[in-house]
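Below is a short briefing for a reader new to this structure. Please look over the sequence and the model before reading on.

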Amino acid sequence: MIPPNYSDICKPVNDLFSKDYPFGALKLEVKTTTANGVTFTVNGAQDIKSGSIISELKGKYTDKVNGLTYTESWNTANLVTGQVEVANKFAKGLKVELSGSAALSSSKRALRSKINYQQDNLFARVNVDALSPSVVADVTVSRDGALAGAELAYDLASGAVTKTNSTVGYSGPDYQVTLQGNNSLNLFQLAFYQRVTANVEAGARAVYDYKNPEGGVSAELGAKYVLDKDAYVKTKVDNAGRLGLSFTQALRPGVKLSLAGLFDTTRLQENAHKMGAALNFEA
């Protein structure tokens with residue numbers, strides 16, 4: 001089997017703790033697909049506290065015959081981006097991406113290229129930012145459920161390594177255990193995820209900052225319970241007393257509503273809590 005890319009090694013437990021929790025915001029996503037395969041996505045989010053609104057319009061066209069994908073977007077920060085992907089054209093498992101962005105209200109520009117290569121038991125990526133300039137590379141290898149990965153960032157201008165991360169883990173049929181060492185092996189995270197039954201998922205993670213031992217270990221527990229084919233609830237709690245609750249309901253095919261709240265159980269003030277909602281349309 002092809003392992004996940006480095007960013008997705010911990011995806012099951014990360015999704016359990018972050019997905020469907022629109023804390024402090026009202027979010028709207030509308031996704032439509034035309035007859036010729038062009039996908040348009042409109043994302044919008046309003047911060048409940050400040051009232052500020054951020055939105056984005058994205059268009060994506062995929063030519064499956066030639067393995068070509070073109071994506072462009074424009075957001076309310078006047079940032080325009082474009083990306084071209086070519087997959088399996090030059091070699092099986094090889095994908096080449098070229099992307100660029102420009103802020104219309106400033107001189108901020110970016111030009112990046114990325115090469116992804118995947119085969120059985122291997123997923124490798126190299127991302128080059130031509131204007132910074134910097135290089136980010138990561139690799140994941142797997143064997144019989146065991147996983148190991150590493151990520152490295154290098155600044156060409158200063159000639160210095162700016163980021164080093166590594167992960168080891170094991171994925172079984174219904175569970176996953178991972179240990180990450182981030183920030184040059186100064187920040188450690190141990191995570192566990194399990195699909196307990198067809199309707200129940202559970203997970204836990206603990207983080208220890210080697211440079212701040214006085215802070216101790218921060219821990220978090222989370223679970224998801226499927227009520228029926230159209231609804232599920234999620235909850236999470238950490239050792240700081242923060243309790244997160246989420247309810248997601250499919251209102252009709254292609255329409256999903258998520259309601260969430262983050263409550264500080266150590267304080268009763270109203271401003272210590274965050275509420276939010278997200279509505280997704282797909283046609």
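Buried means under 20% relative accessible area, exposed means over 50%, and partly exposed lies in between (1.4 Å probe, protein chains only). By that scale Ala 124 is partly exposed, because its relative accessible area is 22%. This is a predicted model, in which local features need pLDDT of at least 70 and side-chain atom pairs count only at pLDDT 80 or more, while totals for chains, interfaces and linings use all residues. Residues are numbered from 1 along each chain as its sequence is written, and side-chain values use heavy atoms, leaving out hydrogens and water.

**Overall form**
- One helix and 19 strands occur in the protein chain; these are DSSP runs numbered from the N terminus (helices H or I, at least four residues; strands E, at least two).
- The radius of gyration of the protein chain is 21 Å, close to the 19 Å from the globule rule for 283 residues, so the chain is as compact as a globular protein of that length. The radius is taken over C-alpha atoms, and the rule is 2.2 Å times the number of residues to the power 0.38.
- Along the principal axes, the C-alpha atoms of the protein chain fill a box of roughly 55 × 45 × 40 Å.
- Of the 283 residues in the protein chain, 29% are buried.

**Around Ala 124**
- Ala 124 belongs to strand S8, which covers residues 122-129.
- Beyond its neighbours within four places in sequence, Ala 124 is in contact (heavy atoms within 4.5 Å) with Ile 115, Asn 116, Tyr 117, Asp 138 and Val 139.
- Ala 150 is 26 residues from Ala 124 along the chain, and their C-alpha atoms are separated by 9.8 Å.
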